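This report covers aromatic pairs and backbone angles in one model. The sequence and structure come before the description.

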Amino acid sequence: MSDNGRLITPALVDLYLAPDDKAEALRALAQRLAAEGRVTDLDGFLADVAAREAQAPTGLGDGIGIPHCRSAHVTRPSLAFGRSTRGLDFDAPDGRPADLVFMIAAPDGADDAHLQILASLARRLMDPEFTGALRTATDPSAVAALVNDEEPAPSPEPAATAAPEPASAAAPSAGGPRLVAVTSCPTGIAHTYMAARALEQAAARAGATIHVETQGSAGSTPLDPAVIAAADAVILAHDVEVRDRARFAGLPTVDTGVKAGVNRADELVAEAVALAAAAPARTAEPAAAPAPVQRQEHWAKRLRGYLMTGVSYMIPFVAAGGLLIALGFAIGGYTISSAPSVVGHFDWTSHLSWAALLFQTGAAAFAFLVPILSGFIAYAIADRAALAAGIVGGAVSVTVGAGFLGGIVTGLIAGLLVRWMTGWKVPRAIAGIMPVVVIPLLSVAAVGFLMFVVLGSPISSAMKGLTDWLNSLSGTNAILLGLLLGAMMAFDMGGPLNKVAYTFAAGALTTAGSVPDAGSLKVMAAVMAAGMTPPLGLALATTVRRRLFTREERENGKAAWVLGASFITEGAIPFAAADPLRVIPSAMAGSMVAGGLTMAFGSTLRAPHGGIWVLPLIGNPVLYLVAIAAGTVVTAGLVILLKGLRRPAPTAAQEPDPAARVLAGTAA
């Protein structure tokens with residue numbers, strides 16, 4: 001096999017990984033991938049790795065770390081391996097530093113065959129003989145051959161079938177417990193398959209039979225309905241929502257995070273066996289499911305996940321509808337909101353007809369905003385069966401004037417209600433129609449009753465109060481709000497706090513109506529200005545004081561000009577990942593200045609995105625640019641000041657190229 005077709009080559013193996021800092025070690029491994037042409041943008045790839053690390057630690061325990069991500073900067077599925085002499089802290093559950101580090105890099109469009117190889121590797125990492133051989137290897141070629149399964153390896157599993165196989169059942173024990181399980185993780189590359197392997201091994205030790213469905217990137221074959229019907233209990237080890245969860249209605253359930261499946265598999269299997277033993281015998285009727293055992297994740301973290309799911313599905317409607325409405329106003333003025341329907345009144349030669357068409361299409365898209373938000377919050381909690389109640393609840397929220405606050409409430413109510421209903425004990429004849437008829441019928445009726453009769457009026461009053469408050473903002477109150485929103489936008493640069501600020505602005509945007517200077521429009525303007533400032537400030541810093549930045553950072557600074565101007569705050573992530581203690585406070589200070597000045601100047605924005613490309617749609621555009629420029633200068637100035645207090649990075653003339661650094665690392 002040519003090196004181009006192999007997952008790992010000797011050049012991607014570092015048996016003497018020198019850095020004792022995790023970030024530097026990850027950069028050293030990524031540089032090997034870049035030198036081999038498997039990564040096209042080193043800083044962009046490292047930013048994707050850092051984003052994955054921020055979701056959850058990648059330390060497995062037993063001295064293994066598996067930093068991994070899917071990235072547009074990866075040309076083909078690859079793996080770099082480093083063996084650290086001092087050990088690196090990957091926040092493993094056992095606290096042990098990782099001496100074996102596997103950097104798994106998968107492209108966004110990886111084909112199934114390559115992803116199956118990665119999945120097989122993930123399963124083999126659970127084999128002590130395999131990891132032991134890696135710890136004693138002395139030749140990079142031997143390590144590459146071992147990982148690529150090109151020589152006899154300790155207990156390897158066939159790569160072509162490991163990943164999509166729904167259940168490699170443990171050796172059955174006559175009369176033993178029958179379990180099913182689903183594993184899934186955010187990237188679907190590593191933890192999904194490690195958890196599956198760990199559960200299979202634990203079930204074999206416990207004398208149980210288990211079938212595992214891996215909902216990963218390499219494909220997923222659903223569990224056979226007959227296997228589910230015969231099962232005594234189910235283990236759901238997941239960090240993303242389980243697809244078609246309603247299949248397991250009536251089964252005793254252990255519900256936990258995917259890392260628990262890797263690290264506490266024996267405990268989970270024992271718990272599932274105990275639940276199965278305590279449940280009534282399943283004869284004519286399925287047993288009622290005990291409340292899912294939510295372990296590991298705090299309720300606040302799960303709540304945030306539910307809300308972020310709804311927001312992620314809502315944002316395309318916000319962007320499309322908001323931009324179309326803004327363009328309609330820009331072409332036809334604010335009176336275009338009262339124009340008659342373009343159906344039957346469209347004049348091809350009139351700019352007002354085109355303006356009305358844009359406005360009415362955008363308004364139609366905006367009308368879906370709250371129902372989609374509500375529906376997918378419910379979906380995140382209780383899967384597909386909750387969609388109907390969530391979407392209808394959102395529509396009712398709009399009808400009664402409860403707005404996006406009502407949508408959040410109905411999404412949570414619908415999801416929790418449906419999750420409770422899926423555990424009902426029902427006759428087998430009815431169980432089959434529960435997810436498609438009974439649950440939607442009862443949940444929609446219940447949510448409709450609650451919103452129309454009980455909750456709609458008080459939430460509507462709260463929404464009206466919020467709208468009135470936003471429209472009355474002026475002076476110090478407006479500036480303080482701008483400062484707060486600016487800090488939130490820059491703190492995690494596209495993360496949860498950033499999304500909270502953006503969602504607040506986008507939700508408030510729906511209350512603006514045709515008022516040209518509504519307070520909610522000022523909030524949207526402040527949020528966008530604050531989101532543009534971090535990448536622009538860092539781009540300016542790399543231009544003014546080049547010697548303080550590495551070559552990769554200077555190259556990334558060129559792209560940050562465009563990203564910042566386009567309101568893509570994530571353009572600052574590579575800088576923050578490399579130097580968070582200096583970059584993040586500087587970015588927050590600049591964004592607070594931009595947000596506060598925007599509110600002080602009274603600039604408005606009807607478009608929920610677009611950066612400088614929607615400048616014609618911004619109220620007080622000159623002062624708006626002044627606010628962004630001020631925030632940019634503050635960010636750049638603070639970054640330069642803080643970085644200047646340390647020893648400067650090598651100059652361009654002194655700095656070796658990436659290939660030289662890789663060779664130097666190999667020699668070390």
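A residue is called buried under 20% relative accessible area, exposed over 50%, and partly exposed in between. The model is predicted.

**Aromatic pairs**

The structure holds nine aromatic pairs. One of them joins phenylalanine 346 and tryptophan 354 in an edge-to-face arrangement, 5.0 Å centre to centre with 80° between the planes. Phenylalanine 346 has a relative accessibility of 27%, so it counts as partly exposed. Tryptophan 354 is also partly exposed, because its relative accessibility is 36%.

Phenylalanine 549 and phenylalanine 575 form another pair, with centres 6.4 Å apart and planes at 90°, and the pair is therefore edge-to-face. This pair links distant parts of the chain, 26 residues apart. Phenylalanine 549 sits in the loop between helix 20 (519-544) and helix 21 (551-565), while phenylalanine 575 belongs to helix 22 (residues 573-578). Phenylalanine 549 is buried, at 0% relative accessibility, and phenylalanine 575 is buried with a relative accessible area of 2%.

Tyr313, Phe376 and Tyr379 form one aromatic cluster.

**Positive phi values**

Most residues other than glycine have a negative phi.

| Residue | Phi | Relative accessibility |
|---|---|---|
| Phenylalanine 567 | near 60° | 6%, buried |
| Asparagine 620 | near 55° | 39%, partly exposed |

Phenylalanine 567 lies in the loop between helix 21 and helix 22. Asparagine 620 lies in the loop between strand 12 (618-619) and helix 24 (621-644).

Technical notes
Residues are numbered from 1 along each chain as its sequence is written. This is a predicted model: local features need pLDDT of at least 70, side-chain atom pairs count only at pLDDT 80 or more; totals for chains, interfaces and linings use all residues. Side-chain values use heavy atoms; hydrogens and water are left out. Rings of Phe, Tyr and Trp (its six-membered ring) pair if their centres lie within 6.5 Å; planes under 30 degrees apart count as stacked, over 60 as edge-to-face and the rest as tilted. Buried means under 20% relative accessible area, exposed over 50%, partly exposed in between (1.4 Å probe, protein chains only). Helices (H or I, at least four residues) and strands (E, at least two) are DSSP runs, numbered from the N terminus.
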